[in-house]
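The sequence and the model are shown first, and the description follows.

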Amino acid sequence: MATTASHETSHGHHEESFWRKYVFSTDHKVIGIQYGLTSLVFLFFGFTLIMLMRWQLAYPGEPIPIFGFLFGEETMPGGVMLPEFYNQLGAMHGTIMVFLGIVPLAVGAFGNYVVPLQIGAPDMAFPKLNMASYWVFFCGGVVMLASFWFPGGAAKAGWTSYPPLANIETTGQTMWLIGMTFLITSSLLGAVNFLTTIIQLRAPGMTYWRMSFFCWSQFVTSFLLLLAFPPLQAAGILQLMDRVGGTSFFMPTGLVVSGQALDIAGGGSPLLWQHLFWFLAHPEVYVLILPALGIVADIIANNTRKPLWGFKSMVYALIFLGFMSFIVWAHHMFITGMGTAISTFFQLTTMIISIPSVIILSALFISLWGGAIRFTTPMLFALGFLPMFGIGGLTGLPLGLAPPDIHLHDTYYVIGHFHYVVAPGTIIAMFAGIYYWFPKMTGRKMNDTLAKIHFWGTIICMNLIFMPMFIQGMAGVSRRLWDAGAQYTFAEPTLHWNVTMSHAAWLMGIIQFIFIWNLFYSIKKGEKVSDNPWEATTLEWSATTSPPLGHGNFEVVPTVYRDAYEYSVPGSSKDFTPQNEPGEKESVREEA
Amino acid sequence: MEIPYTTTARPDTGLYNAKIGIWLFLASEVMLFGGLFSAYIFLRIGAPEWPGTILGENFASSFDVLSVPIGTFNTMVLIASSVTVVMAWAQLMLKDFKKFRYYMGLTILLAMVFLVVKGFEYNDKFVHGYFPAEGTFLAVYFTLTGLHGLHVLGGVVVMAYLWGPGAKMWETNPQQFTNRVEVAGLYWHFVDLVWIFLFPTIYLL
Ligand code: HEM
Ligand SMILES: [Cu+2]
């Protein structure tokens with residue numbers, strides 16, 4: 001209530017209507033929560049799509065019990081999934097998870113809620129733009145969902161939308177392109193806003209080097225969003241022109257489809273799309289992982305009660321990673337027949353980019369060394385993240401070298417690789433973030449026992465789902481096959497894994513209800529906690545009061561005196577020294 | 001609640017928020033048009049001849065298809081508008097609101113001249129059956145200039161707002177109004193610059 005009082009004094013109290021306060025709010029905290037809830041819904045929806053597909057993969061051609069009959073004759077006659085529908089689900093799973101799930105959760109939700117608080121800003125630099133970016137994102141989501149009901153259903157050409165296939169698809173693909181335009185616009189508005197906020201609104205004393213690793217990760221991520229998305233927008237415009245305007249940007253001369261020559265001018269190139277797409281999509285995968293690293297870094301420092309090991313190297317590695325991510329894209333295209341010179345270049349850059357990733361991961365591991373680790377719930381998730389991200393990253397190396405990649409490309413190995421980074425990696429880190437900042441949003445903690453069940457259940461299931469993918473992939477099983485590969489004899493010995501994987505996926509789906517219950521139950525009934533329950537040093541905990549925080553965040557603008565992670569400062573009476581605590585002993589970070 | 005540095009510059013960066021915002025936005029625009037230009041180069045390198053055959057007729061060079069005098073005229077119009085938009089902003093700095101209106105009005109007028117001329121150019125192509133679908137050259141021409149045209153249109157809307165209803169802010173917060181005009185001007189220079197790249201690449205090369 002103290003916040004409302006200060007709010008009043010600052011510029012006269014006025015009662016905000018429900019709509020202004022919760023729906024069309026310009027408060028970054030409310031927008032962050034809107035992003036969070038929306039993207040969690042999308043995540044679960046995207047996961048539901050894959051749970052359906054996993055039935056088809058485990059039991060190809062058999063009717064899906066109960067759920068199969070909820071769908072129409074056009075998609076699942078007699079409960080059996082048609083290949084066309086399988087393709088829709090696959091394409092939309094990827095699209096939804098990446099663009100409507102993880103990015104808005106990692107950046108829109110955590111970035112929005114936490115960054116202004118951590119840098120000591122009253123809000124984002126452009127609050128109205130912030131609201132606009134949420135609603136544009138929302139529209140994009142609606143367009144994507146609506147596309148399922150168009151003639152021919154949703155997009156079927158994969159989340160990568162390669163032409164010529166994507167060009168000759170049904171209307172769903174056009175909807176996909178329009179939806180993407182919304183999402184790209186939204187992330188552009190968001191990126192401009194985050195960057196301006198971080199550059200302009202840091203509180204007095206909050207130098208760049210005093211920012212938390214989380215803020216740094218959001219900073220670099222925003223640059224990636226700002227600069228990588230526009231080329232995809234360009235590609236999207238061209239594909240839209242191809243589909244609606246009859247042009248042939250991506251259509252080669254003399255293309256024959258189903259035995260019929262297409263009536264087009266030709267002269268275009270399908271490879272052009274791949275270049276433009278991956279120019280976005282490689283940086284995009286770093287958009288998926290960097291915020292996760294940021295969250296994990298904050299939590300590890302907080303729970304080891306030590307400053308992060310090699311903080312400066314981590315930041316330099318982060319910046320280098322952001323830069324390099326723009327010049328590795330063609331490692332997704334080794335089998336397109338590129339010359340050896342170009343292939344050598346991209347193999348080299350891909351090997352180089354793994355160095356900063358390894359630096360960050362190693363620094364996080366070393367940070368654990370000698371710490372008095374508190375096994376809190378967020379820490380459990382953060383610790384789970386480290387080896388999982390390790391597996392994901394290491395399995396990327398063979399893919400970055402053309403000779404093994406020619407064998408592994410477009411197999412389940414690739415699917416295993418990136419899911420290890422994104423699922424037990426990023427998603428686990430997102431959960432860590434939710435458990436960590438939940439008390440900031442609600443003043444209560446989520447239930448620890450339920451959280452532990454959630455953690456072990458999720459992480460075990462994830463490994464059961466994704467580990468066998470490496471085995472299948474190395475055996476040569478291709479991705480995107482409706483029959484899971486049953487038509488190939490070489491796939492035979494590994495296909496039994498599909499049953500295990502599917503059961504693990506469904507079990508994991510059920511386990512998520514524990515989380516959902518915990519989330520909603522704890523909002524009202526969770527254990528009440530103090531202003532700074534984790535005894536953290538960063539401003540969002542140390543310089544604000546308990547929720548609900550008023551619009552404007554801080555009662556007094558905090559002044560920052562020290563680095564982000566001053567835990568266990570020698571000679572201090574407590575084991576954490578908040579950033580806004582003045583003192584004779586400032587900043588003890590050893591200059592590495 | 002006040003957001004700091006909406007009107008005044010932050011001492012260490014020397015910029016107010018919107019100015020950083022517009023520069024970042026323009027950086028992303030550079031990537032957008034950069035992507036399209038790269039696409040153009042990619043397709044052109046792969047094309048056996050350029051512009052090549054359109055509706056059965058073979059063209060050896062771009063200026064046989066497009067009218068260079070009209071393109072040059074439009075280039076001049078946009079360059080002039082870039083000057084007038086700076087003048088408009090300068091008048092605000094001199095606290096001469098009337099002259100601001102005059103120059104801003106002139107800028108909007110020039111932008112509209114550009115669009116009308118472009119419209120005639122398009123129409124001239126359409127009546128001869130030259131549509132984007134007729135080949136890569138026309139596809140590139142229409143898509144790139146069309147997207148640029150949308151940017152011009154966006155600029156007209158923003159500047160018309162600042163000329164009309166938005167100008168009320170001059171009474172209440174002249175500093176912020178001046179900033180807005182400056183930011184709009186930066187955007188306008190960018191739109192101009194894109195055309196200065198587009199014109200030679202599409203019309204002349
Ligand atoms: C650290 C080192 C990494 C390396 C060397 C690496 C390398 C690669 C390579 C070469 C491919 C292409 C494989 C193919 O299609 O044949 C690939 C695919 C992929 N990677 Fe990574 N990667 C790394 C980390 C990551 C991270 C951090 C993420 C993100 C969260 C990620 C997400 C993806 C995705 C989504 C794909 C597949 C895209 C698709 O084809 O649908 N990777 N990786
Ligand atoms: Cu990549």
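Where is the place of A:Pro582 in chain A? A:Pro582 lies in the segment after α16 (539-542) of chain A. Leaving aside residues up to four places away in sequence, A:Pro582 touches A:Tyr561 and A:Arg562. Along the chain, A:Pro582 and A:Arg562 are 20 residues apart, and 8.1 Å separates their C-alpha atoms.

**Confidence of the model**

The model is predicted. For the complex, the predictor gives an ipTM of 0.95 and a pTM of 0.94. Chain A has an average pLDDT of 93, with 96% of the residues scoring at least 70. Residues 1-13 of chain A have a pLDDT below 50, and this stretch makes 14 contacts in the model beyond near neighbours in sequence. In chain B the mean pLDDT is 95, and 100% of the residues reach 70 or more.

**The metal sites**

The model contains an iron atom in ligand 1 and a copper ion, ligand 2, which are 4.7 Å apart.

| Metal | Protein donors | Distance |
|---|---|---|
| Copper ion (ligand 2) | A:His282 (ND1), A:His331 (NE2), A:His332 (NE2) | 1.8 to 2.0 Å |

The copper ion is coordinated by A:His282 through ND1, and by A:His331 and A:His332 through NE2. Written as a pattern in sequence, the donor residues of the copper ion are spaced H-x48-H-H.

**A pair of packed helices**

Helix α4 (residues 83-119) and helix α6 (residues 172-200), both of chain A, pack with their axes 11 Å apart and at an angle of about 20 degrees. Because of this angle, α4(A) is roughly parallel to α6(A); angles under 35 degrees count as roughly parallel. The crossing of the two helices, α4(A) and α6(A), is left-handed.

On the side of α4(A), the contact is made by A:Met92, A:Thr95, A:Phe99, A:Leu100, A:Val107, A:Gly111, A:Asn112, A:Val115 and A:Ile119. Helix α6(A) contributes A:Trp176, A:Met180, A:Leu183, A:Phe194, A:Thr197 and A:Ile198. How many of the residues in the contact of α4(A) with α6(A) are nonpolar, polar and charged? The contact has eleven nonpolar residues, four polar residues and no charged residues.

How values were computed. Residues numbered from 1 in each chain as written. Chains lettered and ligands numbered in written order. Predicted model: local features only at pLDDT ≥ 70, side-chain atom pairs only at ≥ 80, totals over all residues. Heavy atoms only, no water. Axes fitted to C-alpha atoms, helices over the stretch in contact; angles between N-to-C directions. Helix = DSSP H or I, 4+ residues; strand = E, 2+ residues; numbered from the N terminus. Parallel < 35°, antiparallel > 145°, perpendicular 65-115°, else oblique. Left-handed = near helix turned anticlockwise from the far one by under 90°. Contact = heavy atoms within 4.5 Å. Nonpolar A, V, L, I, M, F, W, Y, C, P; charged D, E, K, R; others polar. Donors = N, O, S within 2.8 Å, 3.2 Å for Na, K, Ca; no water. pLDDT = per-residue confidence, 0-100.
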